[in-house]
Amino acid sequence: MAERTERDALQHLIDVCMDGERGFRAAADAVTNPKLKALFNDLAEERGRFAAALLPHLRRLGGSTDWDGTSAGALHRSWINLKAHVPGHADHAIVTEAERGEHAALNAYDEALHGMLPPTVTQLIEAQQEAMQAAIDRIRAFDMGYS
């Protein structure tokens, strides 16, 4: 794979964050457990803050702030909506999908960190990555309750 420029990497991370925000909102709308709904809404807000924190760095490089999302994110949200309509363990299925989505986001962050980014952006991305790992742990705690 060709190495991304700093601008490309930041644009991709913003797309990932915005996909995450939409995905967590879809998950919150689909689950029945009130605590899980609150968790997903909190994570959606966090992903929005992550994107907002990355935007000034992208603008500095002349990057576009238009956002349509990624096709993978749209597909993932559709999958969550489909799972929400499966009788039985819909919350468990959505928790599993949310965890899978966060792992995909972490992979995007790992990829960005292996590029040529300045230290100020690297520190921000590392902090966001740590928060995503903590989110996986929080999601996983709910998943353990369904086992």
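Q: Are Phe 24 and Phe 40 buried or exposed?
A: Both are buried in this predicted model. Buried here means under 20% relative accessible area.

Q: How is a pair of aromatic rings described?
A: Two values are used: the distance of the centres and the angle of the planes. Here the count is one aromatic pair. Phe 24 and Phe 40 form it, with 5.8 Å centre to centre and 25 degrees between the planes. The pair is stacked, because planes under 30 degrees apart count as stacked.

Q: What does the secondary structure of the protein chain come to?
A: Five helices and zero strands. Read from the N terminus, the order is α-α-α-α-α.

Q: How are two packed helices described?
A: By the angle between their axes and the distance between the axes. Take H1, residues 6-30, and H4, residues 90-113. They pack at about 170 degrees, and their axes are 10 Å apart. H1 and H4 are therefore roughly antiparallel to each other. The cut-off for that term is an angle over 145 degrees.

Q: Which residues of H1 meet H4?
A: From H1 come Ala 9, His 12, Leu 13, Val 16, Cys 17, Phe 24, Ala 27 and Ala 30. On the H4 side are Asp 91, Ile 94, Ala 98, Glu 102, Ala 105, Ala 108, Tyr 109 and Ala 112. The residues of this contact divide into 13 nonpolar, one polar and two charged.

Q: What share of the contacts in the protein chain with a separation of 6 or more is between residues 24 or more positions apart?
A: The share is 78%. Met 116 and Ala 9 are 107 residues apart along the chain, and their C-alpha atoms are separated by 9.3 Å.

Q: Where is Met 116 found?
A: In the loop between H4 and helix H5, which spans 119-146. Met 116 is exposed, with a relative accessible area of 66%.

Q: Is Val 121 buried or exposed?
A: Buried, with a relative accessible area of 0%. Val 121 sits in helix H5. Beyond neighbours within four places in sequence, Val 121 contacts Glu 6, Leu 10, His 57 and Arg 60. Its C-alpha atom is separated by 9.8 Å from that of Ala 53, 68 residues away along the chain.

Q: What is the relative accessible area of His 103?
A: It is 33%, so His 103 is partly exposed. This residue is found in helix H4. Leaving out neighbours within four places in sequence, His 103 touches Ile 136 and Arg 140. His 103 and Met 132 lie 29 residues apart in sequence and 8.5 Å apart in space, C-alpha to C-alpha.

Q: What do the totals say about burial and surface in the protein chain?
A: Of the 147 residues, 44% are buried. The accessible surface comes to about 7900 Å². Carbon and sulfur atoms account for 56% of that surface.

Conventions. Residues are numbered from 1 along each chain as its sequence is written. This is a predicted model: local features need pLDDT of at least 70, side-chain atom pairs count only at pLDDT 80 or more; totals for chains, interfaces and linings use all residues. Side-chain values use heavy atoms; hydrogens and water are left out. Axes are lines fitted to C-alpha atoms, for helices over the stretch in contact, and angles run from 0 to 180 degrees between N-to-C directions. Helices (H or I, at least four residues) and strands (E, at least two) are DSSP runs, numbered from the N terminus. Angles under 35 degrees count as roughly parallel, over 145 as roughly antiparallel, 65 to 115 as roughly perpendicular and the rest as oblique. Contact means heavy atoms within 4.5 Å. Ala, Val, Leu, Ile, Met, Phe, Trp, Tyr, Cys and Pro count as nonpolar, Asp, Glu, Lys and Arg as charged, and the others, Gly among them, as polar. Buried means under 20% relative accessible area, exposed over 50%, partly exposed in between (1.4 Å probe, protein chains only). Accessible areas come from the Shrake-Rupley method with a 1.4 Å probe; for residues, only the protein chains shown count as cover. Rings of Phe, Tyr and Trp (its six-membered ring) pair if their centres lie within 6.5 Å; planes under 30 degrees apart count as stacked, over 60 as edge-to-face and the rest as tilted.
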